Structures are given as structure tokens and as C-alpha cells.
Number of protein chains: 2
Amino acid sequence: MTTLKYSRQRESIKHFLMTTKEHPTADEVYMHVKKDFPNISLGTVYRNLNLLTDIGEAVKISTPDGGDRFDGRTEPHNHFLCTRCGRLLDLELDMKSIEEVNRLAAENFDGLIESSSTLFYGECSDCIKKS
Amino acid sequence: MTTLKYSRQRESIKHFLMTTKEHPTADEVYMHVKKDFPNISLGTVYRNLNLLTDIGEAVKISTPDGGDRFDGRTEPHNHFLCTRCGRLLDLELDMKSIEEVNRLAAENFDGLIESSSTLFYGECSDCIKKS
DNA sequence: TTAATAATGATAACGATTACTGTAATTAGA
DNA sequence: TCTAATTACAGTAATCGTTATCATTATTAA
């Protein structure tokens with residue numbers, strides 16, 4: 001086991017993830033952090049995003065379109081992907097509902113369900129307005 | 001709009017997807033179909049997997065670990081990813097539960113929810129036995 | 001049977017991510 | 001505070017999954 005050592009770059013990445021409402025891709029994080037660290041490397045961004053994910057200070061979200069997104073909110077919550085514009089949004093679902101889903105799923109399942117993540121699809125309000 | 005033309009390769013891919021219980025990656029489909037078509041190209045596999053997905057005869061599943069998986073079952077259902085062995089399994093959840101989740105989610109959401117896909121995490125029965 | 005065109009196999013190109021390497025920053029201990 | 005040990009860095013090459021290109025083959029409608 002290797003000890004964690006402070007770094008400004010990691011702190012900046014973490015801070016950005018925790019304050020943004022978006023769910024940026026690694027490249028978007030890179031672009032942002034570049035403002036403070038003009039010659040930060042994309043590899044550093046990936047390394048730290050994975051590190052933060054591993055120690056539970058960030059969450060990785062997989063979508064069927066393109067690269068993974070990262071989220072600084074680590075409490076269980078779900079996401080909505082707009083099938084028109086591709087935006088990924090937070091979607092609140094109270095803990096009870098999440099637990100209820102896990103319980104329902106466990107009824108017909110032979111293993112141990114620890115958590116779940118739901119991705120909802122549809123049209124976001126912005127796209128509905130435009131149509 | 002381009003007309004669809006029959007091909008043995010596509011038929012074989014489709015047949016495999018519909019009969020297997022697994023959720024193969026593109027490469028696993030490739031390996032399997034190779035038995036009948038020894039010089040099929042991986043590009044052909046991808047092309048047809050995407051085509052089948054587009055016309056609704058297959059489903060693409062994104063997981064946080066590595067490549068996408070494909071599923072010949074097109075009725076709405078959910079999946080379970082074992083955090084130990086990485087296996088992706090079907091998980092039955094009756095339509096009512098799925099609709100209920102979508103309804104609950106819609107309550108606090110401003111757009112239109114059309115569908116959802118839940119990925120459950122935990123340990124599969126095989127891994128539990130081994131521990 | 002033929003002409004039109006969609007699908008193929010082979011391979012190159014691509015984008016996202018990871019691995020490598022020598023240098024710089026952080027940290028624990030004297 | 002200085003030093004030594006070690007982690008993190010920037011830069012870059014390599015890898016992996018996937019898509020695009022293209023000349024050839026298979027399917028299909030007339």
C-alpha cells in the first residue's frame with residue numbers, strides 16, 4: 001500500500017468536480033484545470049480522476065455515447081441522459097426509492113445487491129421547449 | 001435511406017445474440033461467429049452490432065469497466081455487474097417496478113422520461129460461495 | 001441474367017485511456 | 001532546517017475499443 005501525497009493538481013481537480021453541476025468528461029476537467037495549471041498533463045487528470053474514484057471521492061458514470069463522465073457527488077443518486085442533446089443531468093430520487101428498487105431487484109436475484117445506478121433516458125426540458 | 005440487404009454474417013451474429021445468456025463484448029461475438037465464418041472481420045461484427053442496435057434488435061449496455069456489451073433481449077430489463085468477477089448478468093424486475101421507478105423519477109424532474117436502465121452492483125452467487 | 005447497390009474483409013485511422021520515464025514536489029526524519 | 005526517500009508530475013509513447021475507407025463479393029430487383 002502506497003501513501004497518498006498532497007498535490008495542488010489533484011486538489012484543483014477535486015475542487016472542480018465538487019463545485020460544478022456538470023458531469024464533465026476527463027477532457028473537460030483537463031480544459032478547466034488548465035486555466036490554473038497551464039501545463040498540466042492529460043495523463044495527470046486521468047490518474048487523479050481514477051484515484052479519486054478509487055478512494056470514493058468521485059464517481060465514474062458510463063454512458064453509451066462516448067467517454068465516461070465524472071461526478072463529485074458521491075451520495076447515491078441517478079442520472080438522466082437527454083437523447084436529443086446528449087446532456088447528462090442529475091436526477092433526484094429519494095433514498096427510499098433507491099432502496100426500494102434494490103429490494104425489489106433482490107427478490108428475484110441470487111446474489112448480493114450492494115448498490116445500483118439508474119440512467120434515465122428521454123428529452124430534457126430545454127429540448128422540449130425547442131420542439 | 002438505405003435498404004437493408006440480407007447477409008449470412010449478420011444472421012449469425014443476431015442468432016448468437018438471441019440464444020446466448022451471456023452479454024458478450026464485440027470481441028466475444030467476433031470469436032464466436034469466427035467458428036462459422038473463419039475470416040469474418042471484426043469491423044463486420046461492429047457494423048452489424050450497431051445496425052442491430054439501431055433497428056432495435058439488440059441493446060448496447062455500458063459498464064464502467066472496459067468495452068460495451070451487447071444483449072439480444074430487447075424487452076426492458078436490467079443488469080447486474082459483479083464487482084468481484086466482472087460478470088454481467090440479467091436481472092429480472094417486473095415491468096410494474098420499472099414503470100414505478102420511472103414514475104418516481106419523473107416527479108422531481110423537469111423533462112420527459114421515456115425509459116431507464118438500472119445497473120446493480122454487488123457480488124454474484126458464485127463469488128459468495130467462494131468466499 | 002444482369003445491373004444496381006449493399007455488405008464484406010482487410011486494414012488504416014481514430015479517440016479515449018493507460019503505461020513509461022526522467023524530473024519535480026512533498027514529506028518524514030535527523 | 002536539510003536531507004533522503006518516495007510520490008506525483010509533465011511529456012510522450014503505447015494500448016485498446018471502435019469507426020472509417022476501399023476495393024471486392026454477395027444479394028436483390030427488374
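Predicted model: local features only at pLDDT ≥ 70, side-chain atom pairs only at ≥ 80, totals over all residues.

Mentor: The crossing of α1(B) past α2(B) is right-handed. On the α1(B) side, the contact uses B:Q9, B:S12, B:I13 and B:F16. On the α2(B) side, B:V29, B:H32 and B:V33 take part. By class, this contact has four nonpolar residues, three polar ones and no charged ones.

Now turn to the pair α1(B) and α3(B). Here the axes also come within 10 Å, and they cross at roughly 65 degrees. These two helices are therefore roughly perpendicular to each other. Their crossing is right-handed. From α1(B), the contact takes B:Q9, B:R10, B:I13 and B:K14. From α3(B), it takes B:T44, B:V45, B:N48, B:L49 and B:L52. This contact divides into four nonpolar, three polar and two charged residues. Note B:Q9 and B:I13. Both belong to the contact with α2(B), and both belong to the contact with α3(B).

Six strands build an open sheet with mixed pairing, ordered β4(A)-β3(A)-β5(A)-β5(B)-β3(B)-β4(B). β4 (88–91) of chain A and β4 (88–91) of chain B stand at the edges. Each has a single partner strand, so one side of each is left without a neighbour in the sheet. On average, neighbouring strands are turned by 30 degrees against each other, direction ignored.

Look at the pairings within that order. β5(A) and β5(B) pair in the antiparallel sense over eleven bridges. One detail there: A:T118 has B:T118 as its bridge partner in β5(B). Within chain B, β3 (residues 78–82) pairs with β4(B), also antiparallel, over four bridges. In that region, B:H79 stands opposite B:D90 of β4(B).

Helices cover this sheet too. Helix α4 (residues 95–107) of chain A lies across β5 (112–123) of chain A and across β3, β4 and β5 (112–123) of chain B. It runs at about 115 degrees to β5(A). Helix α4 (residues 95–107) of chain B packs on the sheet as well, touching β3 (78–82), β4 and β5 of chain A and β5 of chain B. Its direction makes about 115 degrees with that of β5(B).

That brings us to the chain contact as a whole. 33 residues of chain B are in contact with 33 residues of chain A. On the chain B side, β3, α4, β5 and α5 (125–130) each supply at least two residues. β5(B) gives the largest share, twelve residues. By class, the chain B side has 15 nonpolar, twelve polar and six charged residues.

Terms used: Residues numbered from 1 in each chain as written. Chains lettered and ligands numbered in written order. Left-handed = near helix turned anticlockwise from the far one by under 90°. Contact = placed C-beta atoms within 7 Å. Nonpolar A, V, L, I, M, F, W, Y, C, P; charged D, E, K, R; others polar. Pairing = 2+ DSSP bridges. Axes fitted to C-alpha atoms, helices over the stretch in contact; angles between N-to-C directions. Parallel < 35°, antiparallel > 145°, perpendicular 65-115°, else oblique.
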